[in-house]
Amino acid sequence: MDSQVTVALALSILGGLSTSIGALFVIVNQSPSLKMLGLLQGFAAGLMLSISFFDLAHNALNSLGFLKGNLWFFGGVIFFAIVASFIPEPTLVPTSDVKSKKRDGDEGGKDIMKKRRRQVFFSGIITAIGISLHNFPEGMAVFLGSLKGLRVGLNLALAIALHNIPEGVAVALPVYFATQSKWQAFKLASLSGFAEPLGVIIVAYLFPSSLSPEILEGLLGSVGGVMAFLTLHEMLPLAFDYAGQKQSVKAVFCGMAFMSASLYFLSISLPEDMSL
């Protein structure tokens, strides 16, 4: 058992580190413009929505049934809506206001840009948390796949690694824009990937003795609800404000299509009696 855990841990670290590769793509380039940031925020929102609806909520509905799956999902939505009501956040300032402040030479333009950076940083934290929660069951899948053989575990880890690169970009980009720190962007993106080896450790030593599969699926369904709420409540308004609604919606669907394709190729790499 210990050797299997070691192999699974190594494979999950390989998959998790690919978020660092995504972060490298961000930090080797210049800080993006507000419009590009808005488009990439829309793309990241699409990634998050696809994970929420087509992965976590979908699995909860299939495993628990329509009623229970929806109760868990909307329980997550309501829970985080209540939590979000206690979180202070700066009000969005239209980009036109920033341009007019700069034309007038007003120092208020700097204050507006500071607010924007705080908003974007908060969005990056949301993305990091959401992707970490998504990566956690992927680590579990790597462990269960490794129990079936090294080839299965390795194929799954490689598929997850490719699947995680754009997730690293989605985390690192807003953090880099907000902090102007390459190290902070790289660190946060890398940490979001380390949820995978954590998933291996927990599933190896605690699951299923301490947590029933039904409760686990329900909790993941609730995570899907939390991610959907955060995406629609926090990330989309930023994307709309920075890149415009029409362009942002296109970016959202591109992100959803990319993640859906990624989830599909990931699913076909799993054995027939396993699901992610």
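A residue is buried when it has under 20% relative accessible area, exposed when it has over 50%, and partly exposed in between (1.4 Å probe, protein chains only). By that rule, 50% of the chain's 276 residues are buried. What you're looking at is a predicted model, where local features need pLDDT of at least 70, side-chain atom pairs count only at pLDDT 80 or more, and totals for chains, interfaces and linings use all residues. Residues are numbered from 1 along each chain as its sequence is written, and side-chain values use heavy atoms, leaving out hydrogens and water.

Switch to cartoon view. You'll find 10 helices and 0 strands; helices (H or I, at least four residues) and strands (E, at least two) are DSSP runs, numbered from the N terminus.

Now select residues 6–27. The UniProt annotation (unreviewed entry) lists this span as a transmembrane region; such annotations may be inferred rather than shown by experiment. The span is 100% helix, with its end C-alpha atoms 32 Å apart.

Next, click Ile13, in helix 1 (residues 2–27). Is it buried or partly exposed? Ile13 counts as partly exposed because its relative accessibility is 31%.

Finally, colour by pLDDT, the predictor's confidence in each residue, from 0 to 100. Helix 3 (residues 66–84) has the highest confidence, at a mean of 90, while helix 4 (residues 95–103) has the lowest, at 49.
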